[in-house]
Amino acid sequence: MFFALQGILDPGLMVLVAAIVVGCAGVPGLFLKKPGTGQAFAAVATILATLAGVAASMQLLFSYTTITYVLEWNLPFGPCELVIDPLSAFFMLPVFLVSAAGSLFALGYWPSAEHRTTERGLTFFYGLLASSMAILLMARNGVFFIMLWEVMALSAYFLLVTEHESNDVRRAGIVYLIATHTGTAALFVYFSLLAAQTGSFLLPAAGSLSALSPFATIIALSAFIGFGAKAGIMPLHIWLPSAHANAPSHVSALMSGVMLKMGLYGIFRTLTYFYDPPLLWGAVLTVTGITSALFGIAFAVAQRDMKRLLACSSIENIGIITTGIGVALLGVSSHNTTLVYLGMAGALLHILNHSFFKPLLFLGAGAIIHATGTREMNLMGGLGKGMPRVALLFMIGSVAICGIPPLNGFVSEFLLYLGFFKQLKADSLVYLVLLAPLLALVGGLAVIAFSKLFSSVFLGTPRSPAAAHSHEAGLTILVPMAFFALICLLIGIAPQLGLHLVSPAITSFYPKLASTELSVEYGAILGRLSLSGALLLAVAVVAMFLWRWRLGKSPVTSAPTWGCGYKRGTARMQYGASSFSELAVSVFNGIIRQRIGRPKLTGLFPGAAHCSEVPTETILERIIVPLFTIAGVSFAFLRRLQHGQMHLYMLYVFVTLFILMLWAH
Amino acid sequence: MISLADQLLVLVLLINFISLGTSRLIFSIRAVAAQGVILGILPGLIHPFSWHLVGITVVIIGVKGFVIPQMLGRAVRSAEIKREVEPFLGYVPTLLLGAVFTALSFGFAGRLPMLPEHHNYMFVPASIATLMTGFLILTTRRKAISQVIGYLILDNGIFIFGLLLAGAMPVMVEAGALLDLLVGTFVMGIVINQISREFSSLDTSLLTSLKEE
């Protein structure tokens, strides 16, 4: 379809127009009186723009072209170039797809009729967030980049605090603001140093800088802090769980599925500047990546809040992607093209995959919250009976995120495993093999986390009245979910398609990989994978039909799940979410540090008692908050300067100005 | 032409003294409006004709001479106050301070390293003196409306400095500064209303109760 458009429209322009349309989609809704019209308009406009935008970005991607526009702006920061190269075009895909699915989902999840006061702002900032990310990918002027970065960060903030009546939401918002602005401060350092190196605010061309100059390390470090804080790489992830948990679900989907990737895009872009990255950089990325993956998923296992669990699993996935980037970078430093190819392909494909299955899961979580009114997994149960379609789609997402064949999560992790095992026979960097068992451990923990999530939510008997009266979600909720589930299945069954999508981006990252040998070789391997995946799927389908057929033949009696012959079994006798993960959590107790309140039982017939296990945010609560408290106490004397007398504040400015004038004299 | 510009600048300086010396708010607002109109005329006197210049003149006179004074006048009427009583520093001392600052700014401007063609103008000293006047009003007056007036005069001072560069300044910067001012005044107008509703007074020193503990 999109090749037909080639003659008519310039694809770069089409992407640009699509991005602007997405950004403006929420504007009419701000002024329309009638509830719902603006929201419906925004959804239609976003979907139409997405169709155009995705088609155009695919065309740009497959034709390996780079398109440059120059924005006429009268600002003293040099020319403002907008460039779409394959790397940008690749990241453009999730931006468009997730924002379109989210805006459709919002119709059912956050209907204007019920949320009149918040819906308008939500729709507007949703478009703005998506649009700023799309244009961010094109920006090649440091100042313009920072502007869009801030638009993105702030619109995400406004989306996040949609339900600002709640204390938790406001607290999450403040933590997010502090984290994102710390990151932005690092980016100011980053862009200033880059400008000092190149003499203009235009981002340097690929391979134009040497990593051995003294500034390069500082540039890389500030990029790691600035972009890593947005991506949620481990020590910088503090804002992520509470932000994702407290935002409306389609916003969490966009934040987790796409906004985190903007941080990764920044890291990718930074790495392209240097032609000789030292081994240390790759090592740092690999180590922080695998640490994030391991701890992220360990935290996920401990969570009781469904969306917090998903958020922690985002940290894990970002960690896996960072590991891939790190491994690829090690390959660049040691001139090992296979390693570069596999690390890059794994990382990029996982970016794409994560931006499909994570929104699927967040949208599913939204459908569940919509039905039950809670995020607490210990209060759910048995929802599979009330909402079987959501349950099926959610299961597809869970299987995909655990990296189990035949879904897409497996493909990207498989590429990484291939890369690790290749090192067994290599001359250098043999110890990379050790990453394979770590990644396997991460995968295993992911299975625990997601079987906990799925089983406590959908299986068993309802643990609360709200869960007992769940209802199937509407079409606007199911269609976006089904769409993502289909893509997950498609990439899982036909991984070569995924490889086709990432190849151009890999080439633009590492031009020496332009030869097609490697992609042909691994395309063939993935072809075999595709065959076995299809076989597995066929077996599963056949088994399901056999089971149905047997079920149809014999008489069926229904009893409560886990009834186990008890006369009066209650829902509280079944395994709860917390009890399910108890063992796994106890292994990681040093890191996770649950706050456990156990009652003291005395006598033969103890009275009613209450037991609670609350997972804590280890890094936030044990390190960051105490640090901030110490800073607050030690700088308390500065507070005397803030007394509330307006005219004295003016006097401060005045005196400063006066001193500066005298000094200049 | 230049002598006319200088005479207008003297007028600007006199208006500074008027707003320093008067306690009647409406009078003060009118004085600032007059100052705005004069500033609107000035670019036309020192730069050759261009449509850009016409645009600047019209917008400046419109915004500084009419829109902002109107908004302030409405705020004064709705808050039902006429005078600034009990400023932190009396009128005579502020007038004297204003005179001292004006003298200082002439002295200071004479020593600045400037292009030779700018040396004979009064622009720089007038600009600094107006800036100082704005600061004086901001720091010594108690009522929120007086603070807005101080802010406006401060901005006028910056504008006079910008006149030297009017040819080189991009439209966007000018538009940005003007918009800033307009929005600033607009917000202050709202704040004024809120303060007077909350504390039934416009005394900004009462705002200390809002500070974070």
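**Figure 1. The kinked helix α10 of chain A.** The bend at a residue is the angle between axes fitted to the seven residues ending there and the seven starting there, and in α10(A) there is a kink of about 35°, centred on A:Met255. Helices here are DSSP runs of H or I with at least four residues, strands are runs of E with at least two, and both are numbered from the N terminus. Helix α10 of chain A (residues 249-273) has 25 residues and reaches 36 Å from its first C-alpha to its last, close to the 36 Å expected at 1.5 Å a residue, where the expected span is 1.5 Å times one less than the number of residues. Because 25 of the 25 residues of α10(A) are buried, this helix is largely enclosed by the rest of the structure; a residue is buried if 20 or more other C-beta atoms, placed from the backbone, lie within 10 Å of its own.

This is a predicted model, in which local features need pLDDT of at least 70 and side-chain atom pairs count only at pLDDT 80 or more, while totals for chains, interfaces and linings use all residues. Residues are numbered from 1 along each chain as its sequence is written, and chains are lettered from A and ligands numbered from 1 in the order in which they are written.

**Figure 2. The largest nonpolar core and the surroundings of A:Phe90.** A nonpolar core is a set of buried Ala, Val, Leu, Ile, Met, Phe, Trp, Tyr and Cys residues joined through C-beta atoms within 7 Å. Of the 212 residues in the largest one, A:Phe90, A:Met133, A:Leu348 and A:Cys488 touch the most other members. Helix α13 of chain A (residues 337-372) gives the most to this core, with 21 residues. Leaving aside residues up to four places away in sequence, A:Phe90 touches A:Leu61, A:Leu348, A:Leu501, A:Val502 and A:Ala505, a contact being a pair whose C-beta atoms, placed from the backbone, lie within 7 Å.

**Figure 3. Chain B and its helices.** Chain B has seven helices and zero strands, and 38% of its 213 residues count as buried. Another core, of 47 residues, lies apart from the largest one and includes B:Ile29, B:Ala75, B:Phe101 and B:Leu131.

**Figure 4. Confidence along chain A.** Over residues 1-5 of chain A, pLDDT stays under 50.

Terms used: A residue is buried if 20 or more other C-beta atoms lie within 10 Å of its own, exposed if 12 or fewer, and partly exposed in between; C-beta atoms are placed from the backbone. pLDDT is the predictor's confidence in each residue, from 0 to 100. Two residues are in contact if their C-beta atoms, placed from the backbone, lie within 7 Å.
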